[in-house]
Each structure stands twice: as C-alpha cells, then as structure tokens.
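Welcome! Please take a moment to look over the sequence and the 3D view, and then let us walk through them together.

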Amino acid sequence: MRRVVVTGLGLVTPLGGDVETTWTNLIAGKSGAGTITRFDASNQKCTIACEVKSRDHEWGFDPDKRVDHKIQRQVDPFIVYGIDAAGQALEDAGLDEMDEALKQRTGVSIGSGIGGLPGIESESIVLSERGPGRVSPHFVHGRLINLISGQVSIKYGLMGPNHAVVTACSTGAHSIGDAARMIRDGDADVMLAGGAESTINPLGVAGFAQARALNMSMNDRPEAASRPYDRDRDGFVMGEGAGVVVLEEYEHAKARGAKIYAEVVGYGLSGDAYHVTAPHPEGKGAELAMRMAIDKAGLQPADIDYVNAHGTSTMADTIELGAVKRVLGEDLGGASMSSTKSAIGHLLGGAGAVESIFCILAIRDQIVPPTLNLDNPDEGTEGVDLVPHTARKREVGAVLNNSFGFGGTNASLVMKKVD
Amino acid sequence: MSDTADRVQKIVVEHLGVEADKVTQDASFIDDLGADSLDIVELVMAFEEEFGVEIPDDAAEKITTVGDATKYIEEHKG
C-alpha cells in the first residue's frame, strides 16, 4: 500500500504569519485574542476575536509576500490566507519549483467551512444601495470555497486533482484525510491539503452570536475568553487563518531526500445523526471517528501520546472528553490532551488543518502545546492531563487530531513519527 | 500629463498592481498590463465612478488601451 507522509507546512494564524512564529508563540503560551479591530463591533453581543494581525504587528501577516496585489483586491481574505499558507508549505517541502511531470501528479485540496462571507456581505450592500451594475465582476470567483485550490493550482501550475472540502469545522481535517486517500489511491503523488477561514465580519460574528455559539460574557477580558475544559467556559472565540500541508507518497519523498515530518496513518469519519449544531450528548459520532482512525492506523489506543482536542470552549468539551476517555481510557492511557483553540480561537474550516500542523510540530519538537486559561478544570477532568497553562516536553510518537462540525460531521486523524 | 490621464493612471495602478511607469497611454490593458476581460469590466466601473461618466458595454468593448480610456472620458465627462 502507498504510504503518505507530510513534507511541508504552512500557517497563517492569529499568532503569526508563518509556521515558526505561530509555533513559538503557541509554545510560549501567548494568546491571539483581542477586541475586534477589523470593523466597529461595538453594537455586537460579542466584540472579541482572534484576528490575524496586520503586517506592522510583531507577529503580523504580510500578504504581499506571496499573493499578487491584484488578487488581494479581488478575493476574500480566506483565499489570501490559503494561497500564502500553500506557498509556505511548498517552499518548506522544497517543491516551489517542479518539472512538468510532477506538476501533473500534484493536486490541491484546500477547503473552507463558510467561504467568502465578508465579500458576500459587502457586495449585498452594494447591490442594495447602488444596484446590480455596481456589483464587482470578481464577486463570485472571489468568494467561492474551491477558489483557494483554483488559485494555488494556477499560480504553481499544479494539474493533479483540484478539490475542496466543505464540512464546517471539520473541513481542515477532512481535507487532509481525503487528500491522503487520493495519494494512496494513486490519483496523485503530492497533494497540498488544508483549510482556511475568515469570517470576522459583522454578519459572521452576529450569526454565530445569535446561534449562541460565541463567548459573550468576557468581552472585557478577550485573552481569558477561550477556556476549554474550564468550568467558566461560555462559548468559543472566533479565529481566522489557514493551515496547509504538503502530503507526499513516501517513496517519492524518500527518493528526493525530502524532510519528512510525520506519516498520516489513520483517518476516521462519522456523522452524529442527531442535531444541526449540538453534538450527540453521548459523543457517539466522535467516538466512532476516533476508533476508526486508530484502527485504520493499525495502532492501539495506548499508542496515542497526544490528542489535539476539538475543545472549542463550549459545553461540548465535556462530551468530547467523555468520548476520548471511552476510546483511550479514563486517564487517556497516559496521553496528554490540549485545546490550542485556547490560544488561537476557533478557525472553523481552518481549524483541523492548523491543529494537525500543531500535532506534527509536537512530534518534531517532542513538546505538547498548552490549554490556556484552564484555571478551574471542570468536573470529569480529574486524572486527565490537559496541559494547563504551559507547554510540556514529553515523548510524542503518535498523535490524534479531532475536528467536529455543524451538521454533526466528525473527522479524526492519526499521524505518527517516521523512524 | 492631463488631469484625466493622471487619474486614469492612478486607477489602473491601484487595480492591476502594476508599476506607474508601465501605464503609458499606448499600453494595452491585456497585452502590456496583464489584465483579463473581467479586470477591464472592473476598470470601466472604476472610471465611471471616478469621472461620473457612463460607459456603455459597446463603448467599453472598444477600450483596449489606457489612451482609449482617457480619450473616451475626456470626450464624455460633464
């Protein structure tokens, strides 16, 4: 069977415009949360978010590095983040220059949960106030979810599978899992896979607030608002950004002497069949996805060293923890589990990809990132290592990443160190 | 450079992300400045906005260079 390994990483997050800045800040326990600056949010119930910082910030993102000025003007920010993260991943893998044969064997699968909501909102206003003749000719293709994959393919000449997953907050994890299968099945030798999101706009924030999903009680303390597994958690903090990995067939990577971060060994998928926004109260779907991923990996639950939880800082955290316990054991079999959403917020369609990259970096550096703000762990967390407050050095061989989305869609990925 | 030509140049630079010195009156939007047909639609909208002129589709189709745009605007602006 064709094996699939990770040979390149790219990140745009509220903690940095690249992988190393983000990771350094994450391990240092920094928070990307703050009062919303992107628009005047003073009339919103939620006024905080984890924004990608502008280029003048210490850990800001400079879109000019990899995205043409003209494209920046035409597309929504999630596409800009995605193109940049894909470029970073290709450069990291040493694949930013390829011959024609390899370009035909290289595909892209970078999705998004929602797509170009800010542009849909602003052009709706143009339509309403100034009429159809003023709507931008770039409106449609600047907002479509598959247009990161399209733009990246055009920019780098990649003629392999061109695809985009849309499964709400599971998008990033499904993208990586599905792309790994495309390599396994022989559709491609290299795949760029991941997810991106940017919906910190009035309609996006209001929509999630009205769905009672966002934290609305800690507007005055933004950095304390995302607190997964803490008893005072009260909804998620919206994040934005992108995560993209280069997946590559193992022999192909070895033959060209590529740096290999980890192997994608297990992928599990399920549906809750329960409710559009609430997870199944017993976490049945989550459990099915985790079991499938570990089983496909040919591993035992005890082999998992680190779990990057979905852990959004909502009541659903308890349900996920219950499911993880049923799969790994009451003490998680000695595994550490943290939610990095405590630092970067919830990147929605980007979350699963960004968090998979954190899992991969945990393997690389043998350190697990912390769960911030875990001051008073909720009931049921006793005996579980949730890595409160500070990162910890430990042995990390195999990792499990969970992502769950509206509609009751669940994805789990297992990755492990390649010896 | 006339005031109109100057403002046209600024809009083209901003929309297409090209160097100002490339935006000569002879420059073709597609052949010299890397625009596609949708970029031209957007530019025409921006010209209409900036100069308060209406550029109908059949006239817009004949605008292929920066000079064509400048000339049309100078002839039609109020």
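## Before we start

Please keep in mind that this is a predicted model.

Start with helix α3 of chain A, residues 77–93, and helix α6 of chain A, residues 147–156. Their axes lie 9 Å apart, and the two helices pack at an angle of about 45 degrees.

Which residues of the two helices meet? From α3(A) come Phe78(A), Ile79(A), Gly82(A), Ile83(A), Ala86(A), Gly87(A) and Leu90(A). Facing them in α6(A) are Leu147(A), Ile148(A), Gln151(A), Val152(A), Lys155(A) and Tyr156(A). Sorted by class, this contact has 9 nonpolar, 3 polar and 1 charged residues.

Now find helix α14 of chain A, residues 351–365. Helix α1 of chain A, residues 19–27, crosses α14(A) at roughly 75 degrees, and the axes come within 12 Å. The angles from 65 to 115 degrees count as roughly perpendicular, so that is how α1(A) and α14(A) stand to each other. On the α1(A) side, the contact is made by Val19(A), Glu20(A), Thr22(A), Trp23(A) and Leu26(A). On the α14(A) side, Phe358(A), Leu361(A), Ala362(A), Arg364(A) and Asp365(A) take part. These residues divide into 6 nonpolar, 1 polar and 3 charged.

Helix α7 of chain A also crosses α14(A), at roughly 70 degrees, with axes that come within 4 Å. This pair is therefore roughly perpendicular too. Here Gly172(A), Ala173(A) and Ile176(A) of α7(A) meet Gly352(A), Ala353(A) and Ser356(A) of α14(A).

## Where the chains meet

The size of an interface is often given as the accessible area lost when the parts come together. For chain B and chain A, about 1100 Å² is buried between them, with 44% of it on carbon and sulfur atoms. Three residues, Leu38(B), Glu42(B) and Met45(B), supply 42% of the area that chain B buries against chain A, more than any other three residues. In all, the contact takes 15 residues from chain B and 12 residues from chain A.

## Salt bridges between and within chains

How many salt bridges are found across the interface of chain B and chain A? There are 6. Arg73(A) forms a salt bridge with Glu14(B), and their closest N and O atoms are 3.5 Å apart.

Over all chains, the structure holds 35 salt bridges. Arg2(A) pairs with Asp189(A) in a salt bridge whose closest N and O atoms are 2.8 Å apart. Arg2(A) lies in the segment before β1 of chain A, and Asp189(A) in the loop between α7 and β6 of chain A, so the pair ties together parts that are 187 residues apart in sequence.

Technical notes
Residues numbered from 1 in each chain as written. Chains lettered and ligands numbered in written order. Predicted model: local features only at pLDDT ≥ 70, side-chain atom pairs only at ≥ 80, totals over all residues. Heavy atoms only, no water. Axes fitted to C-alpha atoms, helices over the stretch in contact; angles between N-to-C directions. Contact = heavy atoms within 4.5 Å. Nonpolar A, V, L, I, M, F, W, Y, C, P; charged D, E, K, R; others polar. Buried area = accessible area lost by both parts, 1.4 Å probe. Salt bridge = Lys/Arg side-chain N within 4 Å of Asp/Glu carboxyl O. Parallel < 35°, antiparallel > 145°, perpendicular 65-115°, else oblique.
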